[in-house]
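Trainee: I would like to go through the pockets, the cavities and the sheets of this model in turn. Please give the cut-offs as the terms come up.

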Amino acid sequence: MHDTTNDIKDKQWKIFLIAGLLLFFIVNLLQAVFTEVSADEAYYYMYGEHLEWGYFDHPPMVGLMTCISNILCDGNLNVRFVTVLLSLLTSLVIWKSLEEPHPDEHKLLVFFTILFSVVMFNIYGFITAPDCALLFFSALFFGEYKRYLKDNSLKRSLLIGFLMAAMIYSKYHALLLLALVVLSNLPLLKDKRFWLSCAVAATLLVPHLMWQVENDFPSLKYHLMQRSTPFQWSFLLEYLPNQLLVFNPFTFGALVYVMFKYKVNDTFERTLLFVIVGFLGFFALMAFRGHVEPHWTIVCVIPLVLLLYKHTLSDPKLLRYTKRFIFPSLLLIIAVRILLLTPASSRFGFYGSKVYYQAIGKVAAERPVLFNSSYQAPSLYHYHTGMAASTIKSAWIRTTQFDLWQKDRDFIGRPVFLCVPWGHSQVFHVNDTVFCGLFSDRYFSANRLIINTKIVGTEPKTPPIFHYGDTITVDFSIENPLDSVIPFTNKDFSISLLALYENGYKSQECHYDTITEIKGNSVVSGRLWTTIGQGIPSGKQRFTICLSDRYTYYDNDACYYDIFIEGPASEKQR
């Protein structure tokens, strides 16, 4: 006889699931529409306008996301629609991965409470970032891996390989996730089907690897070398508080309770624990070499939900804790969402930029706009006005995708507006918006000149020792890769050579034969001298010669030299 009661219960929980997911989708959609686009999102929007197999900062998936969003939608959704859709699908995939044998409304409420209590999961429900795609494909991967452990069929192996590639195409953090999965289950290394998955992933990643090779591995150099900075206690001390904010202190506390109280029951659960502990531990160590962005561990939300859901249903104490603390914390999540719609969110970059950059657009009119040492400003300007913009790279400021695009090359010799606060700039007022800048009828810059240097009389592997008052002699060459002539004596962009000392960010003048111009696709070589002044900090220094055009410094990362400065001037000047 047909069980009508079970049919009704089955229908009720499905309706509850659909209603919960639909509410989450609608809230995210409205939030995406009414929250201003951030600087990073505007940057990724430009990725989408220039689809490639890779970008300086990230793999290409986020560019594909914004490209599709731009095709389908207008307004803020032209950069966020795919993100909102992926957050919905990620929630559904995580639920499916639980493989709940007897679902009902109460269990769904527990699931929604745990998942939606994670602060950054809410943020990535409407804010576009590479993490959004990483979360989606990681959720699919965890579910498929769980099934793979029971049945490592050829079909499942091929799908695992595709998901491995998709995760890496989303964000390089996927490599850490995959490494932790293998460490949690070393017999995988003897599994031929697993190696087939790796082969599939490697094959799919070939276009991205070719892009890296063609561009001299910019992402690898940036993430492994350029992000490293001297140790600061603040980096380490802020790490744990930031993680508490990312995951919600109450939810994170429940996770710690589960990790210490319960033993691992199977291989999949061991993998979940390995991923959580591995990510948190790895980035805690990374805090010794620089600032760790709080959201870098966000992929842990998936194993967090899978573990907490299981033990919350079987542990009365944990269930009471969830009802009394985690569920009420959803009110704080709602408050954060509301805050992002107000002027108070300007400190986080979600308010005020549209008015500011549109004001610059009114002054610049049809002229391209150049900003100093920023990828955020030209991205926001282009997003809010649709007009051409680029950045002028500066020494000690990190390289970005703009240095690969080199859009400023197209502006050489053309009228431009420079939005910079130095030189001959003036103050502009557009209603309540104030900014500095200047017009130039013919733009020239040292931005794309390539300088190479060598300190005379020193060994490459032995840092030389200098004293205050000593003269450093340097051989230099300057290459102009552009087709146009770059004048060194232009009234707005006079270019000179300066000595830079990274420790203390000091510069000193150089003496050399006058350079009037560098013709297109040519090289100028010479020798210069610079004296070490008393204002330069003593001790170990990073020294280089840079080009300066009154507005900023242009260096070559490959031409920094370690030197030591100590004591008074030596008897014999170098």
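Mentor: We start with a definition: on a 1 Å grid over the protein atoms alone, a pocket is an open set of points with protein on both sides within 12 Å along at least five of seven lines, a cavity is a set of points where a 1.4 Å probe fits but cannot get out, and lining residues have an atom within 4 Å of a point. This is a predicted model, in which local features need pLDDT of at least 70 and side-chain atom pairs count only at pLDDT 80 or more, while totals for chains, interfaces and linings use all residues. Residues are numbered from 1 along each chain as its sequence is written, and side-chain values use heavy atoms, with hydrogens and water left out.

Trainee: Which residues lie nearest the centre of the second largest pocket?

Mentor: The space in the second largest pocket is about 420 Å³, where a volume is the space filled by probe spheres set on the grid points, joined across faces, edges and corners. The lining has 17 residues, and those nearest the centre are Leu23, Phe24, Phe116, Leu330 and Ile334.

Trainee: Which element gives the largest share of the lining of the second largest pocket?

Mentor: Helices (H or I, at least four residues) and strands (E, at least two) are DSSP runs, numbered from the N terminus. Two or more lining residues come from each of helix H1 (4-34), helix H5 (105-117) and helix H19 (330-339). The largest share, six residues, belongs to H1.

Trainee: How many residues in the lining of the second largest pocket are charged?

Mentor: Ala, Val, Leu, Ile, Met, Phe, Trp, Tyr, Cys and Pro count as nonpolar, Asp, Glu, Lys and Arg as charged, and the others, Gly among them, as polar. On that basis the lining has 12 nonpolar and four polar residues, and the charged count is one.

Trainee: What is the volume of the largest cavity?

Mentor: The search of the whole structure finds five cavities of 30 Å³ or more. Residues lining the largest cavity include Phe141, Tyr145, Ile160, Leu178 and Phe194. At least two lining residues come from each of helix H7 (130-148), helix H8 (154-170), helix H9 (173-184) and helix H10 (192-204). By class the lining has 10 nonpolar, one polar and no charged residues, and the volume of this cavity is about 80 Å³.

Trainee: Which helix supplies the largest share of the lining of the second largest cavity?

Mentor: The second largest cavity holds about 50 Å³ of space. Its lining has five nonpolar, four polar and no charged residues; among them are Thr83, Phe121, Cys132 and Leu135. Helix H4 (77-98) and H7 each supply at least two of the lining residues. The largest share, four residues, comes from H4.

Trainee: Why is one side of strand S2 and of strand S4 left without a neighbour in the sheet?

Mentor: Two strands pair if DSSP finds at least two bridges between them. The open sheet of five strands has mixed pairing and the order S2-S1-S3-S5-S4. Strand S2 (389-392) and strand S4 (426-430) stand at the edges, so each has a single partner strand.

Trainee: What is the handedness of the crossover from S1 to S2?

Mentor: S1 and S2 run parallel and are joined by four bridges, with Leu370 paired to Ser390 in S2. The chain passes from S1 through helix H21 (residues 376-385) to S2. A crossover counts as right-handed if, with the strands pointing away from the viewer, the path from the first strand over the helix to the second runs clockwise. This β-α-β crossover is right-handed.

Trainee: Which residue in the turn between S4 and S5 has a positive phi?

Mentor: S4 and S5 run antiparallel, joined by five bridges, and the bridge partner of Phe428 is Phe435 in S5. The two strands form a hairpin with two residues between them, and the turn residue with a positive phi, about 55°, is Asn431.

Trainee: Which residue in S5 stands opposite Phe417?

Mentor: Strand S3 (residues 416-419) pairs with strand S5 (residues 433-440) in the antiparallel sense, over three bridges. The residue opposite Phe417 is Phe439.

Trainee: In the open sheet of three strands, which residue in S8 stands opposite Lys454?

Mentor: This sheet has the order S6-S8-S13, with antiparallel pairing. Its edge strands are strand S6 (450-455) and strand S13 (522-531). Six bridges join S6 to strand S8 (residues 471-480), and the residue opposite Lys454 is Asp475.
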